[in-house]
Amino acid sequence: MIALTIAFAAVLAVWAVVTTTYKAPDEPTHVDAVLHLAIGNEWAAPGELHYLAATQASLDANLAEPASRHQTWGALLEQFPGLTATSIDQMSQHPPTYYAIAAGVLHLVHFEDLRWDLGVLVLRLFDALLVLPMPFLAWATVRRLTGSPRAALVGGAAIIGIPEVAAIGASVTNDALMLPLAGTLVYLVVRLLTGDRRVRTTIWIGLLLGAMLLVKGTALPAVPFVGIAVLAAGLTRTTALRNALRALWTLAIAAVVGGWWWLRNMIVYHDIQPDGLAKYARPPKPFPADTAANPEVFLRDYWNGVSRTFWGSVGGLTQFQIAQVLIDGLTVVCLLGIIVWAFRRGPSLRPAIVLASFPVILIALHMQSGWSGYMKNTIVAGTQGRYYYPTLLVLIALSALAWRRVTVTAAGTTRLAVGISVAATAMGLYGVVYALRAFGQDAAFWIDDAVVQQFDQTGALAAGGAFTLASVAAVALVGTAVLLVRFMRRPEFTAARPTVDESQPSAAAPRPEVEA
């Protein structure tokens with residue numbers, strides 16, 4: 001796990017440094033929202049948060065000559081005080097939690113004395129630290145669910161195998177806080193489903209769900225998921241009432257911690273999450289005469305948008321995507337593997353069904369929202385794969401259950417584990433190279449003098465620093481792949497204890513269950 005964490009840290013650092021400033025999805029709006037709180041402004045109502053004039057000046061400087069990029073945030077705030085009249089920052093549709101924490105980070109580094117692009121880099125590196133535990137959380141979740149140390153390592157490597165996770169995790173975004181919170185929640189739910197039904201475990205689940213609700217709306221599908229999980233854990237006729245009561249007080253904890261924000265939205269705005277741009281940039285638009293909403297068009301655009309931005313489609317407008325054959329192939333293979341092999345009779349069936357409810361609920365709510373927007377504006381919008389990242393560890397855990405059943409021989413299982421681990425680290429390396437290509441020269445195949453000049457002019461680090469960091473990441477990934485192959489072939493990794501019977505207190509739990 002140490003090697004996996006080091007390799008992931010190196011990959012995150014590459015994405016943080018190589019991605020052109022403000023060329024990550026919605027990054028200018030996230031930075032602007034952080035700055036509002038950093039200079040003491042109040043959190044405005046949805047649709048009422050105007051861009052700072054200083055943020056707009058930094059955006060203009062980002063497109064200008066290199067010499068104009070060296071101003072500090074303090075200088076920009078002094079030269080360009082106040083707000084812009086027309087530009088709206090839609091991020092006030094979210095709770096301010098992430099932005100308040102990030103504003104505190106800016107104060108710790110005395111951001112007003114920093115070059116503005118280096119201030120953005122500080123926020124990127126902070127976000128990278130937030131998502132750094134993801135391989136460990138994947139490892140711990142799969143280990144608990146399957147009992148297999150080898151499957152657990154493959155699960156940790158899977159995080160590195162999704163380039164978009166590092167691309168988003170190393171940008172300025174509130175998703176960076178959601179990822180570790182959701183990952184920890186899924187881990188604790190797996191513990192609950194595999195026998196750890198102590199009161200304190202359930203309390204932690206409620207607290208984490210409440211914290212997620214204070215970050216952004218992608219946490220809302222976790223509410224019914226947690227209710228289902230607490231109700232289903234060890235459910236029998238004699239425990240049904242106890243489980244129902246436990247589910248209620250778990251959700252009550254979440255409501256006190258973070259659910260109040262969404263109740264407030266319903267009371268004040270008559271909408272659970274008002275659209276921060278609806279009044280200004282997304283007016284209703286009817287379909288042309290003799291035409292109507294087309295489900296086939298909606299499903300096609302939804303599939304293409306979500307799949308490519310789940311695996312890797314980077315840039316401010318997600319305009320640079322990894323090879324389409326990889327996107328389609330990985331999506332189909334992973335989904336088919338889960339559908340065919342993850343749900344088999346045995347002690348893992350109930351945990352698998354409960355875990356699957358999380359992405360199913362998210363898909364249903366997201367598609368309903370997308371269809372509603374399509375009917376209103378004729379555009380299939382919001383198809384961002386990162387919205388599915390709160391369920392990332394669920395998908396990895398279900399995949400671990402599935403792929404362990406593909407082969408029936410010890411040799412075949414070893415070969416499969418080795419193959420997936422090597423493929424995951426290779427995808428991580430592909431992502432590093434792709435970042436250099438995408439932000440160096442618009443995804444040109446060759447890295448040439450033009451790429452070097454581009455990094456020298458627009459990068460937070462000069463080309464030499466960027467390529468050195470990429471080389472370090474490449475060495476870390478190759479070294480990690482070698483170590484994974486050696487570990488996968490060890491005799492002690494070929495034997496796994498059975499998945500814990502979810503109807504009994506877990507042997508892995510620190511102590512027997514304490515009743516509520």
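**Exercise 1. Locate Glu78 and determine whether Glu78 is buried or exposed.**

Solution. Step 1: Glu78 belongs to helix α4, residues 73–79; helices (H or I, at least four residues) and strands (E, at least two) are DSSP runs, numbered from the N terminus. The structure is a predicted model, in which local features need pLDDT of at least 70 and side-chain atom pairs count only at pLDDT 80 or more, while totals for chains, interfaces and linings use all residues. Residues are numbered from 1 along each chain as its sequence is written, and side-chain values use heavy atoms, with hydrogens and water left out.

Step 1: The relative accessible area of Glu78 is 67%, so Glu78 is exposed. Buried means under 20% relative accessible area, exposed over 50%, and partly exposed in between (1.4 Å probe, protein chains only).

**Exercise 2. State which residues Trp73 contacts, leaving aside its neighbours within four places in sequence, and which residues touch the most other members of the largest nonpolar core.**

Solution. Step 1: With those neighbours set aside, the contacts of Trp73 include Tyr22, Val31, Leu35, Ala54, Phe111, Leu114, Trp116 and Val120; contact means heavy atoms within 4.5 Å. Thr55, Ser58, Glu112 and Gly119 are also among them.

Step 1: The largest nonpolar core has 141 residues, and those touching the most other members are Phe8, Trp15, Trp73, Met134, Ile159, Leu185 and Leu355. Such a core is a set of buried Ala, Val, Leu, Ile, Met, Phe, Trp, Tyr and Cys residues joined through side-chain atoms within 4.5 Å.

Step 2: Helix α10 (residues 175–193) supplies the largest share of this core, 13 residues.

**Exercise 3. Describe how helix α11 packs against helix α12.**

Solution. Step 1: The axes of α11 (residues 199–213) and α12 (residues 222–232) come within 11 Å and cross at roughly 170 degrees. Axes are lines fitted to C-alpha atoms, for helices over the stretch in contact, and angles run from 0 to 180 degrees between N-to-C directions.

Step 1: α11 is therefore roughly antiparallel to α12. Angles under 35 degrees count as roughly parallel, over 145 as roughly antiparallel, 65 to 115 as roughly perpendicular and the rest as oblique.

Step 2: Thr202, Ile205, Leu209, Met212 and Leu213 of α11 make the contact with Ala222, Val223, Val226 and Val230 of α12.

Step 3: By class, this contact holds eight nonpolar, one polar and no charged residues. Ala, Val, Leu, Ile, Met, Phe, Trp, Tyr, Cys and Pro count as nonpolar, Asp, Glu, Lys and Arg as charged, and the others, Gly among them, as polar.

**Exercise 4. Describe the contact of helix α16 with helix α17.**

Solution. Step 1: The axes of α16 (residues 349–377) and α17 (residues 392–403) come within 9 Å and cross at roughly 140 degrees.

Step 1: Ala352, Leu355, Ala356, Phe358 and Pro359 in α16 meet Val394, Leu395, Ala397, Leu398 and Leu401 in α17.

Step 2: The residues of this contact divide into ten nonpolar, no polar and no charged.
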